[in-house]
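Okay, thanks everyone, let me get the slide up.

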Amino acid sequence: MDIVDLRSDTVTLPTPAMREAMAHAELGDDVYREDPTVNRLEGIAADLVGKEAALFVPSGTMGNLAAILAHCQRGDEVILGHLSHTFLYEAGGISALGGVHSHQLYNQPDGSLLLEDIHNAIRPQDIHHPSSRLLCLENTHNRCGGAALSLEYTRQASELAHTHGLSVHLDGARIFNAAAALEVEARELVAPVDSVTFCLSKGLCAPVGSLLCGTGAFIESARRIRKQLGGGMRQAGVLAAAGIIGLKEIAPRLKEDHQRAQFLAQKLRLIPQLVLDEGTPHTNMVYVALRPDVPLDADRLAQELRQHGVMVGVVGARRFRLVTHYWIDDVALERAAQAFAEGMNNLLE
Ligand code: TLP
């Protein structure tokens, strides 16, 4: 049975064009900066987001970590959302490895942090306080329904941070989804921030890798940190070759995934035991929960869906995340919706 895997866009396999490009990539030692394919990818990436330079890193987690360690010294403080990926899902790396203190602000349902909260979180110079050094935003915001932060908001938050001497890092793991949803160029969307990480291995289908982008000096310092973290790769052009295809061929089609998420949401709305998050889907993620009176839990229903060949993300006792991507077509979505309806009936019989 073909599996319909909606757990994440990280499950995407490389396209045939990527496998072909990987097989024939021109290679060298990237620690010596001699891999022409990595150099090309870094050039394309920097250009796409309008920054001076880019660094190829093995993962989004390492991109965010290297960025935060490059912006902050030990004991400095980073302001971020309580639902941000860096706070929730990066194994506490910024404090474990960098001694960076986190100041979590309440994420609004649209993924933003209130400007007033940011303002109040910035600490005055005082020997008792850690130094407020960095603001981190996330776009699209994973745990906030995949919502895209607007350009206007990004500008306002960045201006506020800059006025008080803080830098701004954007976890733009899915920045091309945000750009597609808002119908702006990624480079416009990230123009207000000092650094940005984006991922090749999510909706862009590449097997591995993310890019950290910023000024030339910042990327030089992040390059050293990447080495310290063990992320200096050698013939990484085999991976970069797939990334280049992701940026050129897959990024321009992300809107299709968003349309498919709308289609899936419509289907799920017809199932009486389910309730969809307000406003979902914003991009390629559908967040849906079991209604309070349904005597089931998400794990049990997910197991049942698996019997129907459908895999979904369980993100709470009664809540699911379903992510559309390149390998999910309309037929797969029909199957997923049918599995929900039938699975529910089987369990409630
Ligand atoms: N997100 C994964 C899981 O870790 C939750 C997913 O399935 O969505 N920033 C954001 C906003 C992300 O969503 C992710 C991955 C990362 C960073 C980290 O990327 P990787 O997995 O490459 O380290």
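I'll start with the rings and then turn to the cysteines.

Keep in mind that what you're looking at is a predicted model. So, how many aromatic pairs do we get? The count comes to three, and I'll walk you through two of those.

Take F176 and F198. Their ring centres sit 5.1 Å from each other, and with 80° between the planes the pair is edge-to-face. What I like here is that the pair links distant parts of the chain: F176 belongs to helix 8, residues 175-182, while F198 is in strand 7, residues 195-199, and the two are 22 residues apart. Buried or exposed, for F176? Buried, at a relative accessible area of 11%. F198 is buried as well, with a value of 0%.

Next up, Y326 and W327. That's another edge-to-face pair, 4.9 Å centre to centre and 85° between the planes. Here Y326 is partly exposed, with 31% relative accessible area, and W327 counts as partly exposed too, at 41%.

How many disulfides turn up in a search of the whole structure? Let's look at C72: the nearest cysteine sulfur belongs to C136, and that's 7.5 Å away. A disulfide needs the two sulfurs within 2.5 Å, so a gap like that one rules it out. C72 is buried, by the way, at 5% relative accessibility.

Then there's C205, also in no disulfide, where the nearest cysteine sulfur is that of C199, 13 Å off. C205 is buried, and its relative accessible area is 0%.

Okay, happy to go back to any of those.

Key. Residues numbered from 1 in each chain as written. Predicted model: local features only at pLDDT ≥ 70, side-chain atom pairs only at ≥ 80, totals over all residues. Heavy atoms only, no water. Phe/Tyr/Trp six-rings, centres within 6.5 Å; stacked < 30°, edge-to-face > 60°. Helix = DSSP H or I, 4+ residues; strand = E, 2+ residues; numbered from the N terminus. Buried < 20%, exposed > 50% of the residue type's maximum accessible area, 1.4 Å probe, protein only.
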